Amino acid sequence: MNSKDDKRTDSCTRPVFVHNPHLDALKDDVLYHFGLGTGTHDLPTMFGDVKFVCVGGSPWRMKAFTEYIAAELGMEDPNSEYPNICAGTDRYAMYKVGSVLSVSHGMGISSIAIMLHELIKLLHHAQCTDVTIIRIGTSGGIGLKPGTVVVTKQSMDATFLPKFEQVILGKTVVRNTDLDQSLAEELLQCSKEMNQFETVIGNTMCTLDFYEGQARLDGAFCSYTEKDKQNYLSKASEAGICNIEMESSVFAAMCKLSGLRAAVVCVTLLDRLKGDQLNESHEVLHSYQQRPQILVGYYIKKQLKAKAECSKVQ
């Protein structure tokens, strides 16, 4: 925690923490991959009201989510193109509607980790409090019907352990991958209220690769058999793993360190026990991909409504 955090922390708010004493010595903190910085932008004015952050792989998906949540909250502007706040760079895309921030993170642990470092610093510099962050995306299911939405309980590595490992200064550092269980339960309850599609809470396996790391048989290289694959995925299922993706471990670890209330909500596009390639039509896959944003949109709308009602009572 930086020393200035002490001035902003009280019993009613949850600040966004950074754990880096070197930041205090910086005259300007340049968020290079966002094209933003403390010396060039008024971050508290631009982002100080953010309460919800939704992150996902592609810029297109996050712009679509922005348009969706704007309509859900009655904040859509027919004349607005929802400008990309990170237009000064081609690495990530960022959009904002009211208190909801949408950010793309690319594919894989390395890409989302870079984005999260700068996002966490942005929220910290903007003096945001009580922020909830949710990753929305797609995944491969294990024993689940395609289209099922999985809210992650714990992120596990490819050996079925709930941890994220990173080599820092030549030494392996292990970090916790727990996510906010109360938030997961709230999201599950929202799905029950909506009653539109199946949603479950389960463990998610986070891998370093889309092909061999996920026991696929259709990559450029493969040194194992169909039986080997089935045995591995069956062991994953026995460990409570419901789906596989490539970002949840570092997402969980970094959000926990920064004090962000976090969840991972991913739809399964196929059952990996039955195959490796996507054979559904484009229309069906598109409808599946909309499910996480529909669920998270419902949750955000519900939370904002409850907050507004509470304010009226006070």
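This is a predicted model: local features need pLDDT of at least 70, side-chain atom pairs count only at pLDDT 80 or more; totals for chains, interfaces and linings use all residues.
Phe160 belongs to the loop between strand 7 (149–156) and strand 8 (163–168), and Tyr232 to helix 6 (residues 226–238), so the contact ties together parts 72 residues apart in sequence.

The count of aromatic pairs comes to 4. Another of them joins Phe34 and Tyr92 in an edge-to-face arrangement, at 6.0 Å centre to centre and 80° between the planes. Phe34 sits in the loop between strand 1 (30–31) and strand 2 (36–37), while Tyr92 sits in the loop between helix 3 (59–72) and strand 4 (94–97); the pair therefore ties together parts that are 58 residues apart in sequence. Phe34 is buried, with a relative accessible area of 0%, and Tyr92 is buried as well, at 6%.

A ring also meets a charge: the charged end of Arg216 sits over the ring of Phe210, 3.8 Å from its centre.

Searching the whole structure gives 1 cavity of 30 Å³ or more, and the largest cavity holds about 40 Å³ of space. Its lining consists of Arg61, Ile136, Gly137, Gln289, Pro292 and Gln293. Strand 6 (132–141) and helix 8 (282–313) are the elements that give two or more residues to this lining, and helix 8 gives the most, with 3 residues. By class, the lining residues divide into 2 nonpolar, 3 polar and 1 charged.

Conventions: Residues are numbered from 1 along each chain as its sequence is written. Side-chain values use heavy atoms; hydrogens and water are left out. On a 1 Å grid over the protein atoms alone, a cavity is a set of points where a 1.4 Å probe fits but cannot get out, and a pocket is an open set with protein on both sides within 12 Å along at least five of seven lines; lining residues have an atom within 4 Å of a point. Grid points are joined across faces, edges and corners, and a volume is the space filled by probe spheres set on the points. Helices (H or I, at least four residues) and strands (E, at least two) are DSSP runs, numbered from the N terminus. Ala, Val, Leu, Ile, Met, Phe, Trp, Tyr, Cys and Pro count as nonpolar, Asp, Glu, Lys and Arg as charged, and the others, Gly among them, as polar. Rings of Phe, Tyr and Trp (its six-membered ring) pair if their centres lie within 6.5 Å; planes under 30 degrees apart count as stacked, over 60 as edge-to-face and the rest as tilted. Buried means under 20% relative accessible area, exposed over 50%, partly exposed in between (1.4 Å probe, protein chains only). A charge sits over a ring if NZ of Lys or CZ of Arg is within 6 Å of the ring centre and within 35 degrees of the ring normal.
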